[in-house]
Amino acid sequence: MRSVTGLLAGLILATVQAASIETTITYQGQLSQAGEPASGNFDLEMRLFDVADGGLEIVPVINLQDVSVADGLFTVELDFGPTPYAGDQLWLQVSVREGGSSGGFTQLLPRQKVTPAPYALHAEMVAVGAVAGAEIADGTIGVADINISQVQQRIGADCPSGSAIRQIDAIGAVVCETDDDTTYTAGDGLALASNAFSVDFTGDGVASTAARSDHLHEDRYGAGDLAVRVVAGGSPAENGAALLAAVAGITDASAARPYTILLSGGVFDLPAAGVVLKPFVSLKGVSTESTVLTAPGSDSFGAAQATVTLSDGVRVERLTVINTAGDTNSAIAILATGEGFRLSDLNIRVEPTTSFLVSGLTSINSSNAISGRLSRVNIEVDDGNGLGANDPTGDIVELVIEDSVIRVNGAGTGISDPGLDSSGTMQVKNSLVEVLGGGTGFAVSASNLSDNLTLDGVEVRVSGGVGANRGLFRAGSGFRVLVRSSVIDVSGASGSAAVRFNNGRVTIQNSRIRAPIGLLASSNGSFAGGFFLDSSVLDVGTAIQIEGSSTGTHQVRVGASKIDASNIVNVVSGLANLVCVNAYDENYQALGSDCL
């Protein structure tokens, strides 16, 4: 059995150099074997632990080979580096074996406690955060301790009266300059009190900040528009009077100086004459649910009146327009009398009435050129015309209807006689035109319509009533229409047809037709028309019916289309020239070149 006793001597090798103190310590031990002092060479392992038994080894082991032991005594130098001596208690574990052997080491017990002498090393290692403000005596850091390239010294001077500090040096010295007593004057739109400027606000409101002249008020009107706000704070009639007063108060509107009247939520009741918007004076509400304009019908049929009358360059947005009608000659929600109007995000409604003239939107009795656009507009009437009138006199040079719904709940016409001039265009896109009580989806009676009526992505539905219904009807001459990617669905009494025309030309592409009669062509005199069906489907009773006393010949062309019909061609009277190319029936059997 071996045992060792040792002394961690206070003999720290104190060879002090400019850089740092060495970390080597001297260990003197006495080794006995079988109760007698040992002699010879021995291998030693030296380890540091954080507890007397078990625990963690703090640093790597130190191996010492062939240490000379004489009469049990030996001396070695151990260098564990500076890391272990951070202030915690340590224990040294010694293991031994015969020198020059390769066998295992015998651990000598117990571990030996490291005495305080080596902790002199810790004085060189101050732990991060070990020195707080409390450990620094007041007044001990002075000018000599400050690096002025990083920390500015205390300001040690001031400037005399009439001067101001212009610069402060790193050592705390100041550079002064003469105060020239500059005076200031508030310019336009500013106020000056003592030495403080502020915005000189005018008008009502409580905002304390200024904005750019062309900013948007919460996206409520266009850039550059002048805004007039009307708040519904009284009865509906008082609100309507406030709106009329706001319009009357605008006297300088122009294309270069447009106005927008911003309406709050509420109901604005107007007289039968409604509100006539001056050129370039627009209306914008909060939403169709919140802002509502109403007016009764009018007894003045000759000079039509409406809830809202549009002029040049007018926009109406985000509100509901209602004509309450009553027992009057005419009930019109919106009357268009100018060019460049824009209607968007609107509900337009005419309430049930016995009026002779009923229209959600019309240009009747306007001698002006008409152009405009409807986007996301819902028009609804009970009986009458959704859009248009029985006898328009205004010439529509351009009209676009998109993403909208035109609905007649009773008998009437969805779009009636829009009044296109000879060079005008009308496009209806991605919209629904519906008549539920019998009548016509589209009706064009005037003879001045050119090659400019396009239905693209439109659904036309006509049903109900006791008479024959029409999806698309044309009574005049010179008629040209393109129907593309659309559906025309018509039901009703005998003679109901998806398309009926006297003269002109109808082209249907990539569409579906459902009706008792697909195409009904009739004419008088020497006029005749043409019908062209391409890549479409006819799901009908009679596909093509020709009737009339015309001396001309109707031209019918069918290409790459399916005709599902009980009767493909029915010539009641008149003449027709039918040509089918790649057409087929409901059983996918090819039709002949004569469509039979």
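Which residues are linked with Glu459 in a network of salt bridges? The network joins Glu459, Arg461, Asp489 and Arg514. A salt bridge here is a side-chain nitrogen of Lys or Arg within 4 Å of a carboxyl oxygen of Asp or Glu. By this rule the count comes to 14 salt bridges.

The model is predicted; local features need pLDDT of at least 70, side-chain atom pairs count only at pLDDT 80 or more, and totals for chains, interfaces and linings use all residues. Residues are numbered from 1 along each chain as its sequence is written, and side-chain values use heavy atoms, with hydrogens and water left out.

Of the 596 residues in the chain, 42% are buried. Buried means under 20% relative accessible area, exposed over 50%, and partly exposed in between (1.4 Å probe, protein chains only). The chain exposes about 28,500 Å², and carbon and sulfur atoms supply 50% of it. Accessible areas come from the Shrake-Rupley method with a 1.4 Å probe; for residues, only the protein chains shown count as cover. Contact means heavy atoms within 4.5 Å. Among contacts between residues at least 6 apart in sequence, 72% join residues at least 24 apart.

Strand S6 spans residues 73-78. Its covered face holds Phe74, Val76 and Leu78. Leu73, Thr75 and Glu77 make up the uncovered face. S6 pairs with strand S2 (residues 25-33) in the antiparallel sense, over six bridges. Pairing requires that DSSP find at least two bridges between two strands. Val76 in S6 stands opposite Tyr27.

Strand S22 covers residues 341-350 and includes Ser344. Ser344 counts as buried because its relative accessibility is 11%. Residues up to four places away in sequence aside, Ser344 touches Val316, Glu317, Arg318, Ser375, Arg376 and Val377. Two of these contacts also take part in salt bridges. The side chain of Glu317 meets that of Arg315 at 3.2 Å, N to O. Glu317 is buried, at 14% relative accessible area, whereas Arg315 is partly exposed, at 23%. Arg376 meets Asp345 at 2.8 Å, N to O. Asp345 lies in S22 and Arg376 in strand S24 (residues 369-381), so this pair ties together parts that are 31 residues apart in sequence. Both partners are partly exposed: Asp345 at 29% relative accessible area, Arg376 at 43%.

A further salt bridge joins Asp456 and Arg484, with the closest N and O atoms 3.1 Å apart. This pair links distant parts of the chain, from Asp456 in strand S32 (residues 453-456) to Arg484 in strand S35 (residues 480-484), 28 residues apart. Asp456 is partly exposed at 23% relative accessible area. Arg484 is partly exposed at 30%.

The surface carries a nonpolar patch of about 460 Å², made by Tyr184, Leu190, Leu192, Phe197 and Val199. Patches consist of residues with over 30% relative accessible area and no salt bridge; like charges are joined within 9 Å, nonpolar side chains (Val, Leu, Ile, Met, Phe, Trp, Tyr) within 5 Å. Strands S11 (190-193) and S12 (196-199) each supply at least two residues of the nonpolar patch. Leu192 sits in S11. Its relative accessible area is 33%, so Leu192 is partly exposed.

Key: Helices (H or I, at least four residues) and strands (E, at least two) are DSSP runs, numbered from the N terminus.
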